[in-house]
Amino acid sequence: MERTFVMIKPDAVRRGLIGEILRRFERKGLRIVAMKLVRMTRREAEELYSPHKEKPFFESLVKFATSGPVVVMVLEGDSVIRVVRNLIGATDARKAAPGTIRGDFANDIEKNVVHASDSPESFEREHRIFFKDDEFVSYE
Ligand code: CMP
(Lines give C-alpha, C1' and ligand atoms only; values in the text may rest on other atoms or scores of the structure.)
Protein backbone atom coordinates (compact mmCIF):
# COMPACT_ATOMS: atom_id res chain seq x y z
CA MET A 1 0.00 0.00 0.00
CA GLU A 2 1.40 3.39 -1.00
CA ARG A 3 1.39 6.62 1.04
CA THR A 4 1.45 10.29 0.10
CA PHE A 5 1.84 13.59 1.94
CA VAL A 6 -0.90 16.19 1.47
CA MET A 7 -1.18 19.76 2.76
CA ILE A 8 -4.35 21.89 2.74
CA LYS A 9 -2.84 25.35 2.22
CA PRO A 10 -3.58 28.59 4.15
CA ASP A 11 -5.91 29.95 1.42
CA ALA A 12 -8.14 26.88 1.72
CA VAL A 13 -8.14 26.83 5.54
CA ARG A 14 -9.04 30.54 5.54
CA ARG A 15 -11.93 29.91 3.15
CA GLY A 16 -13.38 27.06 5.20
CA LEU A 17 -12.56 24.36 2.64
CA ILE A 18 -10.98 21.74 4.96
CA GLY A 19 -14.13 19.60 5.10
CA GLU A 20 -14.81 19.83 1.36
CA ILE A 21 -11.27 18.74 0.50
CA LEU A 22 -11.20 15.88 3.03
CA ARG A 23 -14.57 14.72 1.69
CA ARG A 24 -13.09 14.27 -1.77
CA PHE A 25 -10.23 12.11 -0.45
CA GLU A 26 -12.58 10.03 1.73
CA ARG A 27 -15.18 9.38 -0.94
CA LYS A 28 -12.38 8.19 -3.26
CA GLY A 29 -11.64 5.52 -0.65
CA LEU A 30 -8.29 6.90 0.53
CA ARG A 31 -7.39 6.37 4.17
CA ILE A 32 -6.14 9.17 6.44
CA VAL A 33 -3.37 7.59 8.56
CA ALA A 34 -2.03 10.83 10.14
CA MET A 35 -3.34 14.41 10.24
CA LYS A 36 -2.90 17.73 12.10
CA LEU A 37 -3.54 21.47 11.92
CA VAL A 38 -0.28 23.44 12.24
CA ARG A 39 1.15 26.89 11.71
CA MET A 40 4.26 26.13 9.65
CA THR A 41 7.55 27.75 10.60
CA ARG A 42 9.69 29.50 8.02
CA ARG A 43 12.26 26.72 8.38
CA GLU A 44 9.66 24.01 7.69
CA ALA A 45 8.35 25.90 4.64
CA GLU A 46 11.89 26.31 3.27
CA GLU A 47 12.47 22.57 3.68
CA LEU A 48 9.12 21.61 2.15
CA TYR A 49 9.79 23.76 -0.89
CA SER A 50 13.57 23.21 -1.07
CA PRO A 51 13.37 21.86 -4.67
CA HIS A 52 12.17 25.38 -5.67
CA LYS A 53 14.94 27.25 -3.79
CA GLU A 54 16.33 28.88 -6.91
CA LYS A 55 12.97 29.81 -8.44
CA PRO A 56 11.91 33.47 -8.58
CA PHE A 57 8.68 32.65 -6.73
CA PHE A 58 10.39 30.88 -3.76
CA GLU A 59 10.26 33.79 -1.28
CA SER A 60 6.63 34.55 -2.09
CA LEU A 61 5.77 30.83 -1.76
CA VAL A 62 7.41 30.57 1.68
CA LYS A 63 5.57 33.73 2.85
CA PHE A 64 2.26 32.31 1.61
CA ALA A 65 2.83 28.87 3.18
CA THR A 66 3.52 30.49 6.58
CA SER A 67 0.72 33.07 6.36
CA GLY A 68 -1.81 30.98 8.32
CA PRO A 69 -2.58 27.49 9.54
CA VAL A 70 -2.37 24.47 7.23
CA VAL A 71 -3.66 20.92 7.56
CA VAL A 72 -0.95 18.32 6.95
CA MET A 73 -1.79 14.65 6.48
CA VAL A 74 -0.63 11.31 5.18
CA LEU A 75 -3.04 9.37 2.96
CA GLU A 76 -2.80 5.68 2.14
CA GLY A 77 -4.19 3.73 -0.81
CA ASP A 78 -3.37 1.90 -4.04
CA SER A 79 -1.25 4.14 -6.30
CA VAL A 80 -2.18 6.98 -3.95
CA ILE A 81 0.52 9.38 -5.21
CA ARG A 82 -0.87 9.33 -8.77
CA VAL A 83 -4.52 9.15 -7.60
CA VAL A 84 -4.18 12.25 -5.38
CA ARG A 85 -2.31 14.23 -8.06
CA ASN A 86 -5.21 13.44 -10.41
CA LEU A 87 -7.80 14.48 -7.81
CA ILE A 88 -6.11 17.83 -7.12
CA GLY A 89 -5.44 18.78 -10.77
CA ALA A 90 -2.78 20.89 -12.49
CA THR A 91 -0.44 23.10 -10.37
CA ASP A 92 -1.63 26.20 -12.25
CA ALA A 93 -5.23 26.28 -11.05
CA ARG A 94 -6.15 28.45 -14.06
CA LYS A 95 -5.44 25.35 -16.18
CA ALA A 96 -6.76 22.70 -13.78
CA ALA A 97 -9.68 20.67 -15.13
CA PRO A 98 -13.18 21.25 -13.71
CA GLY A 99 -13.98 18.50 -11.21
CA THR A 100 -10.47 18.58 -9.73
CA ILE A 101 -9.93 20.30 -6.37
CA ARG A 102 -7.84 23.11 -7.87
CA GLY A 103 -10.11 23.34 -10.92
CA ASP A 104 -13.13 23.82 -8.68
CA PHE A 105 -11.73 26.00 -5.88
CA ALA A 106 -8.77 28.07 -7.13
CA ASN A 107 -7.71 30.31 -10.01
CA ASP A 108 -4.08 31.09 -9.20
CA ILE A 109 -0.72 29.36 -9.70
CA GLU A 110 0.53 30.04 -6.15
CA LYS A 111 -2.64 30.08 -4.04
CA ASN A 112 -3.75 26.69 -5.32
CA VAL A 113 -5.48 25.27 -2.23
CA VAL A 114 -3.59 22.01 -1.79
CA HIS A 115 -0.16 20.38 -2.12
CA ALA A 116 0.61 16.67 -2.65
CA SER A 117 3.83 14.69 -3.09
CA ASP A 118 4.85 14.06 -6.70
CA SER A 119 6.95 10.90 -6.07
CA PRO A 120 7.85 8.36 -3.35
CA GLU A 121 11.10 10.31 -2.78
CA SER A 122 9.15 13.55 -2.22
CA PHE A 123 6.79 11.73 0.16
CA GLU A 124 9.76 10.51 2.23
CA ARG A 125 11.26 13.98 2.55
CA GLU A 126 8.01 15.91 2.98
CA HIS A 127 6.19 13.83 5.59
CA ARG A 128 9.26 13.77 7.88
CA ILE A 129 9.07 17.57 8.24
CA PHE A 130 5.76 17.20 10.11
CA PHE A 131 5.36 13.62 11.37
CA LYS A 132 7.30 11.15 13.50
CA ASP A 133 6.95 7.42 12.80
CA ASP A 134 4.86 6.89 15.96
CA GLU A 135 2.19 9.37 14.79
CA PHE A 136 0.74 7.00 12.20
CA VAL A 137 -2.46 5.13 13.06
CA SER A 138 -3.28 1.79 11.42
CA TYR A 139 -6.89 0.60 11.31
CA GLU A 140 -9.22 -1.58 9.24
P1 CMP B 1 2.74 22.90 -4.87
O2 CMP B 1 2.09 21.70 -5.47
O3 CMP B 1 2.58 23.13 -3.41
O4 CMP B 1 4.31 22.85 -5.23
C5 CMP B 1 5.07 24.01 -5.41
C6 CMP B 1 4.27 25.25 -5.32
O7 CMP B 1 4.91 26.39 -5.85
C8 CMP B 1 3.02 25.11 -6.18
O9 CMP B 1 2.13 24.19 -5.61
C10 CMP B 1 2.56 26.55 -6.24
O11 CMP B 1 1.88 26.92 -5.04
C12 CMP B 1 3.88 27.27 -6.32
N13 CMP B 1 4.25 27.62 -7.69
C14 CMP B 1 4.59 26.79 -8.69
N15 CMP B 1 4.90 27.49 -9.82
C16 CMP B 1 4.72 28.80 -9.50
C17 CMP B 1 4.89 30.01 -10.22
N18 CMP B 1 5.28 30.03 -11.50
N19 CMP B 1 4.63 31.16 -9.58
C20 CMP B 1 4.24 31.15 -8.29
N21 CMP B 1 4.09 30.03 -7.54
C22 CMP B 1 4.32 28.87 -8.14
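Two residues are said to be in contact when heavy atoms of theirs lie within 4.5 Å. Because the model is predicted, local features need pLDDT of at least 70 and side-chain atom pairs count only at pLDDT 80 or more, while totals for chains, interfaces and linings use all residues. Residues are numbered from 1 along each chain as its sequence is written, and side-chain values use heavy atoms, with hydrogens and water left out.

Phe25 also belongs to the largest nonpolar core, where Phe25, Leu75 and Val84 have the most contacts inside it. This core has 24 residues; a nonpolar core is a set of buried Ala, Val, Leu, Ile, Met, Phe, Trp, Tyr and Cys residues joined through side-chain atoms within 4.5 Å. Buried means under 20% relative accessible area, exposed over 50%, and partly exposed in between (1.4 Å probe, protein chains only). Two or more residues each come from β1 (2-8), α1 (10-14), α2 (18-27), β3 (70-77), α5 (80-88), α6 (101-105) and β4 (114-116), and α5 gives the most, with 4 residues. Helices (H or I, at least four residues) and strands (E, at least two) are DSSP runs numbered from the N terminus. Apart from this core lies another, of 20 residues, among them Phe5, Met7, Ala34 and Phe58.

Helix α2 deserves a look of its own. Ile21, Leu22, Arg24 and Phe25 are buried there. They share one side of α2 because they cover an arc of only 155 degrees around the axis, the arc being that of the directions from the helix axis to the C-beta atoms. Glu26 and Arg27, on the other side of α2, are exposed. The cover over the buried residues includes β1, α1, β2 (31-38), β3, α5 and α6. Arg24 has a relative accessible area of 9% and is in contact with Leu87, Gly99, Thr100, Ile101, Asp104 and Phe105, leaving aside neighbours within four places in sequence. Just after α2, Gly29 takes a positive phi of about 95 degrees.

The model also holds a ligand. Residues around the ligand (a heavy atom within 4 Å) include Lys9, Tyr49, His52, Arg102, Glu110, Asn112 and His115. An oxygen atom of the ligand is 2.7 Å from an N or O atom in the Lys9 side chain. For Glu110, a polar backbone atom lies 2.9 Å from a ligand oxygen atom.

Technical notes: Polar contact = N/O pair within 3.5 Å; in protein donor to acceptor, adjacent residues only side chain to side chain.
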